[in-house]
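Take a moment to look over the sequence and the fold below. Then let's walk through some of its details together.

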Amino acid sequence: AALWAEVSGLTWRDRTADTVMIGASLYNREVQIEQLFIKQRNNQLTLSGEFAWPERLSDWMQPAFRGDISASINDLGDFARLFGLSPSDFAGKLAANGNVSAREGKLGGQLSVSGNSLVVFRSPIESLEVKLGLEESRLAITKLELRQQDDFFRVEGSFALTGDRSYTATAQTSVT
């Protein structure tokens with residue numbers, strides 16, 4: 001089975017999008033999302049990936065999937081409105097790029113997010129930078145930094161997602 005749909009000029013209440021496209025297919029228990037694309041004025045989000053439909057119920061606990069994300073959000077308030085959130089609670093520019101995969105119970109991937117002149121849930125953030133990595137069953141935060149003028153919050157760490165849930169982390173902050 002295959003599905004391809006494109007909607008242009010989408011308007012629903014006060015939500016608008018220039019283009020929403022989705023392309024997906026199902027073949028031999030494999031679902032492939034060729035593209036989920038949302039374009040809204042100066043905002044763009046693209047998702048793609050695939051996952052295997054499990055044969056047995058017990059296989060849901062060890063999914064096999066791969067996904068990619070790319071986003072360039074130049075008006076976070078307008079983009080938040082598209083998903084039913086209050087645009088006055090959000091503002092600024094945000095960019096994201098990454099991928100994630102899981103095969104045979106092992107995770108892998110990376111995600112980078114950066115933003116400037118942000119307001120997130122009415123809290124101002126001058127700049128944001130996040131770099132995450134997934135390897136096997138560990139989440140590595142190689143960089144998480146929030147800045148607002150001379151104030152900052154930085155975190156680096158590594159967290160086990162299974163087993164003993166061990167972790168290491170360092171944090172620095174400066175609030176003036």
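First, a word on the ground rules. This is a predicted model, in which local features need pLDDT of at least 70 and side-chain atom pairs count only at pLDDT 80 or more, while totals for chains, interfaces and linings use all residues. Residues are numbered from 1 along each chain as its sequence is written, and side-chain values use heavy atoms, with hydrogens and water left out.

Let's begin with the strands. Helices (H or I, at least four residues) and strands (E, at least two) are DSSP runs, numbered from the N terminus, and two strands pair if DSSP finds at least two bridges between them. Strands β2 and β3 (residues 30–40) run antiparallel and are joined by nine bridges. They form a hairpin with two residues between them, and N28 in that turn has a positive phi of about 50 degrees. Strand β3 also runs antiparallel to β4, again with nine bridges. This pair makes a hairpin too, with two residues between the strands, and R41 in the turn has a positive phi of about 45 degrees. Find E30 in β3: E30 is the bridge partner of Y27, and E30 also stands opposite A52 in β4.

Now move along β4 (residues 43–52) to E50. Is E50 buried or exposed? E50 counts as buried because its relative accessibility is 18%; buried means under 20% relative accessible area, exposed over 50%, and partly exposed in between (1.4 Å probe, protein chains only). Which residues does E50 touch, if we leave aside neighbours within four places in sequence? With contact meaning heavy atoms within 4.5 Å, they are E30, V31, Q32, A64, F65, R66 and R103.

Next come the salt bridges. A salt bridge is a side-chain nitrogen of Lys or Arg within 4 Å of a carboxyl oxygen of Asp or Glu, and by this rule the count comes to ten. One of them links R81 and D14, at 3.6 Å from N to O. R81 lies in helix α1 (residues 76–82) and D14 in the loop between β1 (2–12) and β2 (15–27), so this pair ties together parts that are 67 residues apart in sequence. R81 is partly exposed at 25%, and D14 is partly exposed at 47%.

R81 has another partner, D78, with the closest N and O atoms 3.6 Å apart. These two are three residues apart in helix α1, which means about one helical turn separates them. D78 counts as buried, at 11% relative accessibility. A further salt bridge joins K131 and E129, at 3.8 Å from N to O. K131 is partly exposed at 35%, and so is E129 at 26%. Salt bridges that share partners also join D14, R41, D78 and R81 into one network.

Finally, look at the backbone angles. Most residues other than glycine have a negative phi. S117, in strand β7 (residues 106–120), is not a glycine, yet has a positive phi of about 50 degrees. S117 counts as exposed, at 56% relative accessibility. F121, in the loop between β7 and β8 (123–136), also has a positive phi, near 50 degrees. F121 is exposed, with a relative accessible area of 58%.
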